[in-house]
Amino acid sequence: MELEELYQKIGGDLKNVMKRIPNEAMIGKFVRKYANDPTYNRLTAAVEAKNWKDAFLAAHTLKGVAQNLGFGRLQKSASALTEAVRGAVPLTDESLFEEVCKDQKEIVEAIEKLD
């Protein structure tokens with residue numbers, strides 16, 4: 001799979017990322033590194049432990065990384081989760097976390113197929 005195809009598949013915006021990083025090879029390098037980024041694992045651990053302060057920090061970080069890499073759907077779902085647990089408020093809508101998980105899985109699976 002080519003980088004442009006990956007972005008189409010995951011609902012991303014490669015053209016917008018290229019405004020900030022005008023080198024497709026560099027973007028590809030960052031995208032591949034994303035698959036090993038520990039932020040999602042920290043988020044999962046925090047949600048499982050009901051540690052809402054850490055969940056907020058991890059969701060906020062994930063939102064920023066997704067925004068920088070142009071991962072639109074993940075950025076939106078991580079943003080919604082960030083707001084839901086802002087101020088260490090307990091998560092009352094599990095579907096927000098489930099949406100982040102779905103978007104994360106889709107991205108990682110697509111990265112694994114990247115040429």
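Student: What makes Tyr34 buried or exposed?

Tutor: Buried means under 20% relative accessible area, exposed over 50%, and partly exposed in between (1.4 Å probe, protein chains only). Tyr34 has 4%, so Tyr34 is buried. Keep in mind that this is a predicted model, where local features need pLDDT of at least 70, side-chain atom pairs count only at pLDDT 80 or more, and totals for chains, interfaces and linings use all residues. Residues are numbered from 1 along each chain as its sequence is written, and side-chain values use heavy atoms, leaving out hydrogens and water.

Student: And what about Phe71, buried or exposed?

Tutor: Its relative accessible area is 0%, so Phe71 is buried.

Student: Why is the pair of Tyr34 and Phe71 called edge-to-face?

Tutor: Rings of Phe, Tyr and Trp (its six-membered ring) pair if their centres lie within 6.5 Å; planes under 30 degrees apart are stacked, over 60 edge-to-face, and the rest tilted. For Tyr34 and Phe71, the centres are 5.2 Å apart and the planes make 75 degrees, which gives edge-to-face.

Student: How do you know that Tyr7 and Phe71 make a tilted pair?

Tutor: Their ring centres are 5.9 Å apart with the planes at 45 degrees, so this pair is tilted. Tyr7 and Phe71 sit 64 residues apart in the chain.

Student: What makes Tyr7 buried or exposed?

Tutor: With 2% relative accessibility, Tyr7 counts as buried. Together, Tyr7, Tyr34 and Phe71 form one aromatic cluster.

Definitions and conventions
Helix = DSSP H or I, 4+ residues; strand = E, 2+ residues; numbered from the N terminus.
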